[in-house]
Amino acid sequence: MSGVQNAKIIVAVNKDKNAPIFKQADYGVVADLYKFIPVLIKKLKEKKGG
């Protein structure tokens, strides 16, 4: 956690719903990182308009 101590927002993505990172995160997503991130990027681009 020392690497993110100055972060404004912490988003955790982990397949294990009991992963300790979720206790420190502002937002948590229980999912496979390699499946979730491409979908997130696509949705953000759609919202942005490009």
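I looked up burial to begin with: of the 50 residues of the protein chain, 10% count as buried, where buried means under 20% relative accessible area, exposed means over 50%, and partly exposed lies in between, with a 1.4 Å probe and protein chains only. I note that this is a predicted model, in which local features need pLDDT of at least 70 and side-chain atom pairs count only at pLDDT 80 or more, while totals for chains, interfaces and linings use all residues. Residues are numbered from 1 along each chain as its sequence is written, and side-chain values use heavy atoms, with hydrogens and water left out.

Next I turned to the fold. I find 2 helices and 2 strands in the protein chain, in the order β-α-β-α from the N terminus on; helices (H or I, at least four residues) and strands (E, at least two) are DSSP runs, numbered from the N terminus. The radius of gyration is 13 Å, well over the 10 Å that the globule rule gives for 50 residues, so the chain is more spread out than a compact globule; the radius is taken over C-alpha atoms, and the rule is 2.2 Å times the number of residues to the power 0.38. Along its principal axes the C-alpha trace spans about 35 × 25 × 15 Å.

Then I asked which residues make up the largest nonpolar core. I find 5 residues there, Ile10, Ala12, Ala19, Phe22 and Ala25, a core being a set of buried Ala, Val, Leu, Ile, Met, Phe, Trp, Tyr and Cys residues joined through side-chain atoms within 4.5 Å.

Leaving aside residues up to four places away in sequence, Phe22 touches, among others, Ala12, Val29 and Val30, where contact means heavy atoms within 4.5 Å. Ala25 sits in the loop between helix H1 (21–24) and strand E2 (27–30), is buried with a relative accessible area of 17%, and, with neighbours within four places left aside, is in contact with Ile10 and Ala12. Between Ala25 and Val11, 14 residues apart in sequence, I read a C-alpha to C-alpha separation of 5.6 Å.

Last, I checked Lys42, which is found in helix H2 (residues 33–48) and is exposed, with a relative accessible area of 51%. Its C-alpha atom is separated by 27 Å from that of Asn18, 24 residues apart along the chain.
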